[in-house]
Amino acid sequence: LPVPESLRAALTARAPRGRVSQLSLSLETGAAGPGRYQLAARFDGLSMRGLGRIPGFSGAAGSVRADQTAGQLELDARRFVVDAPAHFEAPLVFDVVHGLLDWRLDGPAPVLQLQRLAFENPDVAGGAEGRVVLDPAQGPVLELKGALVRASVAAVPRYVPLVAGDETRAWLRSALVGGTVRDATVVVAGP
């Protein structure tokens, strides 16, 4: 396939692994490079190494459909691990993750639409929906609504990003020693 060297190098660095089935790919190229394409595939046991601030992951299963203007990713994974050392102290491990993500690239700004996300592990069970508009003028604009069905209070510090700072995370570890949160809602909006 006519894959640009920069994409080939990025994929090599991320070391993708897993099984792909029901792959369908149609590609039209021209002198100016890639043009129109259509992709559809199922995947299982997919993993990729993180690269810089981009997290790695393992255990992904689901399907993808895409073309040059839009796409959809459906995730249906058991034992899904997100390894993001630039963002979290330790990998985040989920027993179950189900989700549906759509994207559009043909408007004035690319849009990622999280239609639904559900996740569960011994620490937390919940879900989310929302969108990110990748506005070239003002940067990414996020609208996210999350709901926790249950969460272990003592586990909260494991899910607090490193950007919160060492002192904040240390205080949370010493202050949040027990209890359970039920039916909480989180809303995040803005650039």
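Among contacts in the chain between residues at least 6 apart in sequence, 47% join residues at least 24 apart; a contact means heavy atoms within 4.5 Å. The model is predicted: local features need pLDDT of at least 70, side-chain atom pairs count only at pLDDT 80 or more, and totals for chains, interfaces and linings use all residues. Residues are numbered from 1 along each chain as its sequence is written, and side-chain values use heavy atoms, with hydrogens and water left out.

The chain holds two helices and nine strands. These are DSSP runs numbered from the N terminus (helices: H or I, at least four residues; strands: E, at least two). Their order from the N terminus is α-β-β-β-β-β-β-β-β-α-β. Along the principal axes, the C-alpha atoms fill a box of roughly 60 × 40 × 30 Å.

Of the 191 residues, 27% count as buried. Buried means under 20% relative accessible area, exposed over 50%, and partly exposed in between (1.4 Å probe, protein chains only). The chain exposes about 12000 Å². Carbon and sulfur atoms supply 59% of that area. Accessible areas come from the Shrake-Rupley method with a 1.4 Å probe; for residues, only the protein chains shown count as cover.

The chain carries 20 positive and 19 negative charges, and their mean positions are 4 Å apart. Lys and Arg count as positive, Asp and Glu as negative; His and the chain ends are not counted. Each charge is placed at NZ of Lys, CZ of Arg, CG of Asp or CD of Glu.

Ten salt bridges are found in the whole structure. A salt bridge is a side-chain nitrogen of Lys or Arg within 4 Å of a carboxyl oxygen of Asp or Glu. One of them pairs Glu89 with Arg169 at 3.0 Å, N to O. Glu89 lies in the loop between β4 (70-83) and β5 (92-104) and Arg169 in helix α2 (residues 166-175), so the pair ties together parts 80 residues apart in sequence. Glu89 is partly exposed, at 48% relative accessibility. Arg169 is buried, at 4%.

Glu89 also forms a salt bridge with Arg173, again at 3.0 Å, N to O. This pair links the β4-β5 loop to helix α2 across 84 residues. Arg173 is partly exposed, at 41%.

Within helix α2, Asp166 and Arg169 lie three residues apart, about one turn of the helix. They form a salt bridge, with the closest N and O atoms 3.3 Å apart. Asp166 is exposed, at 59%. Through shared partners, salt bridges join Glu89, Asp166, Arg169 and Arg173 into one network.
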